[in-house]
Amino acid sequence: MPQPLSSKENSLFRQVIRNYEDKQYKRGLKAAEQILKKNPKHGDTMAMKALIINQQGKTEEAFALGKEALQADMKSHICWHVYGLLYRHQKNFEEAIKAYKFALRIEPESPQIQRDLAYLQIQMRDYQGYIQSRTAMLQARPQLRQNWTALAIAHHLAGNLSQAEKVLTTYEDSLKVPPSKTDYENSEAVMYKNSIIAEMQDYQKALDHLESIAKYNLDRLAVLELRAEYLSKLDRKEEAADAYRTLLDRNPEHPDYYTGFVHVSGINGNDSARKAIYDEYAEKNPRCDAAKRLPLDFLAGDDFREAARAYLSLMLDKGVPSTFANLKHLYTDTFKRDTLGSLAHEYLDSKRASSESTAANGDALKGEPAALYYLAQHYNYHLSRDLAKAMEYVNKGIELLPTTVEFHMTKARIWKHYGNTQKASETMDQARQLDLKDRYINTKAAKYQLRNNESETALKTMGLFTRNDSPGGPLNDLLDMQSVWYLTEDGEAWVRNGNIGLALKRFHAVYNIFDVWQEDQFDFHSFSLRKGQIRAYIDMIRWEDHIREHPFYTRAALGAIAIYVSMYDTSQMTNGVGGASGVNGDDAAERKKAAKKAKKEAQKAEREAAEKAAKQDPNKSKGAAAEPVKKDDDPNGLKLAATTEPLVEATKFLAPILQYSPKYIDGQIAGFEVFMRREKYLLALRCLNAALAIDADHPTVHEQVIRFRQALNSKATSPAPKVIEVLKSGFTALDASADLKKYNASFLEKHKNSSAHVISAIKTERLLGEDKKKSEKDLVGVLKLGDVQHEQAIEALALLKQWRSSEADAFKKAAHEKWPEVTAFA
């Protein structure tokens, strides 16, 4: 049994709780120690002490003390609540929920425990549990609107829309005094109710409800937009047209309003009538861009030419830098692409022929310079690429306006497309130096430096815009700011430099950032209800459910997976599989060398940070207690690179891709590679079948089909009999009796003009035991293919080096002659 406290110690205990809530941990700890001197087995005080020392970073000690507190007083709701909080801090949400439920059994009326449990349940998407918790909280305090709204949200997210609407209606009916017309919470709640009715697809009811709340609702724009949408869906075209006209009068730049208006007007197929609508709004609003640009999407022939000429001339006369960006989506249509190119040439010729002086414009990107800028981008774009012409126009632009950042940036992009990462990096840095206060051009310069494998230089460049007082230097600040693009690019640069430790460190940092974004939901479960921002909260919950399908995640994850697969293959060779000990020895030596270099760089960075700290004003922020900096015990990623289970780590990165991006073929390809090595053949087959459904002719998928059939036919592969039956019935892409060499030869014949497919077929030939010299000769022959680009040539060169082919040097020389600007062949 717990020892009872005197009145003095009771007040001390309340002080401990207040100190914890105010984050005065030292005072709280001192007060707790005073109580425990006289009452060493007081469970509640031990629990609070555990909570405080957990906040001070002593997690293991806190857990040990938390368990002692429970042993001292198993019937204390405070002990169980604290135990749950400790688990929640460790992100072990299942155990935290169990502890909260124990606490609630002892103290079912505690609002704080009930609230913490509810937040964990919504975080874990336990909607049924959340409904129960929110119902209990509503019954305890029915006078709070938040509790009614939260219960409606619980039913809504669980898919019970009618019950969610009923909860909100019940609260509205219970009000004796109508809410104030300026009550923001009420305004949001009724709009949320309207969105639920709309989700039920009862648009007439949604419209009636909207009309009843429209007069005093504070979100005027949402009311107008929803009214137009509901009228359109109810096929009340005249009223919908009036509603869309109201929206267009309010904002003539919004493309969706035009689309909706055209749809309800019934003139989708009539280009001249559609054009008349846009012309009307262009006349009403002379500065409106959308009314002039959007008709270019549907006009054709001479009508398109005239409209495009007028728009292009206007934009180039004004000197709008984003003109090409606004029009490049039209380049998928060859006629429009060629027309825009010819119109830009016409404009340039007319400006040169006229007596207008370019110098009169000073440094402005107008007239002739604007046309040169457009044409440089036109010829640099992948659908109309001619890099020689692009370089010609950008150089002419630089002659006219040598200090304009845009021309230098475009020149850097042209060098990038040439494959010359060195010149691209240098040129982008020249552009940066023209405007040292522009963060965008600064980050662009750093990105191009990373593409050229200049990680240290890129970090210094980024350091120009990071906090000078950051304890860990620019990199620590970039981690704090969650600069995902930088971490990904830096990771890929370290891969190319052969330092897999630092590469993994960066990819794991990206993985952790996505974890933080998921964790950040906790703040909004309470905040959104307090502030009444319900619709935004629902959008956030749905966005969080698919957060890892973001391209930022998939790119970093695939980079990490590739490293782990490579590490596994290397370890297999070390163990004697494949007999390529020489290659392995070289890899080990390279890795050791890279690790040593990284260690030196880290020590140098630490010295620089210490020197910077020493130079700082000693009087600055002296009084304020600095926040403790977490020391990274593996700054160079050596522990990550030393993992003994690379495939388990790869699976951690892979699982979210397969779950949230099942249509992403590179993810399915990576899944096949991982599961084949883990001998999980059913999962490998699932990935392979998914990849075949996306693109059966993909070069890598072809290789994997043959490898899978080869594995099934091999006696070495011996899964359980039932598994073999499922594999046989599930794998229909290539019959067991098929001749794999003939199958590969027919694939090669079918795609003989595609360099990517030819490389894949040659790799497969080698896998099937074809003559090695012949494979190498065939790979050299890829350079003669009509569609070959330097990217495929780089892949072929990497293969020849991997095979330790004597043809590698000759191939590199021939590739350099074909693409003299490509850095990889220099």
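This report covers a helix pair, some aromatic ring pairs and one arginine in a predicted model.

**Helix 22 and helix 23**

Two packed helices are described by the angle between their axes and the distance between the axes. Take helix 22 (residues 387-400) and helix 23 (residues 405-418). Their axes come within 9 Å. They cross at roughly 160 degrees. Angles over 145 degrees count as roughly antiparallel, and helix 22 and helix 23 are therefore roughly antiparallel to each other. The crossing of the two helices is left-handed.

Which residues make the contact? Helix 22 contributes Leu 387, Ala 388, Ala 390, Met 391, Val 394, Asn 395, Gly 397 and Ile 398. Helix 23 brings Phe 407, His 408, Thr 410, Lys 411, Ile 414, Trp 415, His 417 and Tyr 418. Sorted by class, the contact of helix 22 with helix 23 has ten nonpolar, five polar and one charged residues.

**Aromatic pairs**

How many aromatic pairs are there? The count comes to 30. Two of these pairs are set out here.

| Pair | Centre to centre | Angle between planes | Class |
|---|---|---|---|
| Trp 148 and Tyr 171 | 5.8 Å | 45 degrees | tilted |
| Trp 485 and Tyr 486 | 5.8 Å | 85 degrees | edge-to-face |

Start with Trp 148 and Tyr 171, a tilted pair. Trp 148 lies in helix 9 (residues 145-157), and Tyr 171 lies in helix 10 (residues 161-174). The pair therefore ties together parts that are 23 residues apart in sequence. Are these two residues buried or exposed? Trp 148 is buried, and Tyr 171 is buried too.

Now turn to Trp 485 and Tyr 486. Planes over 60 degrees apart count as edge-to-face. The planes of Trp 485 and Tyr 486 stand at 85 degrees, so this pair is edge-to-face. Trp 485 has 25% relative accessibility, so it counts as partly exposed. Tyr 486 is buried, with a relative accessible area of 1%.

Ring pairs also build a cluster. Its members are Tyr 511, Phe 514, Trp 517, Tyr 553, Tyr 564 and Phe 653.

**Arg 766**

Where is Arg 766 found? Arg 766 sits in helix 41 (residues 755-767). Is Arg 766 buried or exposed? Buried means under 20% relative accessible area. Arg 766 has 18% relative accessibility, so it counts as buried. What does Arg 766 contact, leaving aside its neighbours within four places in sequence? Arg 766 is then in contact with Lys 772, Ser 775, Glu 776 and Trp 803.

Conventions:
Residues are numbered from 1 along each chain as its sequence is written. This is a predicted model: local features need pLDDT of at least 70, side-chain atom pairs count only at pLDDT 80 or more; totals for chains, interfaces and linings use all residues. Side-chain values use heavy atoms; hydrogens and water are left out. Axes are lines fitted to C-alpha atoms, for helices over the stretch in contact, and angles run from 0 to 180 degrees between N-to-C directions. Helices (H or I, at least four residues) and strands (E, at least two) are DSSP runs, numbered from the N terminus. Angles under 35 degrees count as roughly parallel, over 145 as roughly antiparallel, 65 to 115 as roughly perpendicular and the rest as oblique. A crossing is left-handed if the near helix is turned anticlockwise from the far one by less than a right angle, and right-handed if clockwise. Contact means heavy atoms within 4.5 Å. Ala, Val, Leu, Ile, Met, Phe, Trp, Tyr, Cys and Pro count as nonpolar, Asp, Glu, Lys and Arg as charged, and the others, Gly among them, as polar. Rings of Phe, Tyr and Trp (its six-membered ring) pair if their centres lie within 6.5 Å; planes under 30 degrees apart count as stacked, over 60 as edge-to-face and the rest as tilted. Buried means under 20% relative accessible area, exposed over 50%, partly exposed in between (1.4 Å probe, protein chains only).
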